[in-house]
Amino acid sequence: MIIKPVIEVAKAAMKKPTTVEFPEQKESLGDRYRGIHKLDMHTCINCSACARICPNQTITMVEAEEETAFHKGKEAKLFPEINLERCLFCALCEEVCPTDCLILTKDTSYEKFDRRDMIKRPEDLE
Ligand code: SF4
Ligand code: SF4
């Protein structure tokens, strides 16, 4: 009777830990895992479709300077700024983007100590 729990405890003690030493070690994530956005400001046409479709008001269109496909010469235009704290990683913004300039990458290293760093300006997303 007593032997069974002893065996279970011994088995548990022999197992590898299920946690990793973050941030030095990271879990490998599945192929379909979605990470931080990437924006090509040059091909963005400033249409705001990404901001309008976002179900969690994650995207704010903010002014930034860039020479775009439609506007030659450096000029302040509206580009998406992403608040990663609010993002659901649903990829609707990627789907709706008419020029495929906004995509979700496999980069999941966006953990920060200061929550203000979770807001990504257009330049940070390039
Ligand atoms: S992935 Fe979804 S929640 Fe995140 S910014 Fe895009 S539309 Fe919004
Ligand atoms: S990222 Fe795409 S959907 Fe968003 S403003 Fe630029 S072109 Fe439009």
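A: The account below takes the ligands in turn and then the sheet. The model is predicted, with local features needing pLDDT of at least 70, side-chain atom pairs counting only at pLDDT 80 or more, and totals for chains, interfaces and linings using all residues. Residues are numbered from 1 along each chain as its sequence is written, ligands are numbered from 1 in the order in which they are written, and side-chain values use heavy atoms, leaving out hydrogens and water.

Ligand 1 sits in the largest cavity (a set of points, on a 1 Å grid over the protein atoms alone, where a 1.4 Å probe fits but cannot get out; sitting there requires more than half of the ligand's atoms within 2 Å of its grid points). Around ligand 1 are His-37, Cys-54, Pro-55, Thr-58, Ile-59, Cys-87, Leu-88, Phe-89, Cys-90, Ala-91, Leu-92 and Cys-93 (a heavy atom within 4 Å). This shell comprises 10 nonpolar and 2 polar residues, with no charged ones (nonpolar being Ala, Val, Leu, Ile, Met, Phe, Trp, Tyr, Cys and Pro; charged being Asp, Glu, Lys and Arg; polar being the others, Gly among them).

The open sheet has the order 2-3-5 with antiparallel pairing (at least two DSSP bridges between strands). Strand 2 pairs with strand 3 (residues 75-83) over 8 bridges, and Val-62 stands opposite Phe-79 in strand 3.

Definitions and conventions
1 Å grid on protein atoms, 1.4 Å probe; cavity = no way out; pocket = protein on both sides within 12 Å on 5 of 7 lines; lining within 4 Å. Helix = DSSP H or I, 4+ residues; strand = E, 2+ residues; numbered from the N terminus.
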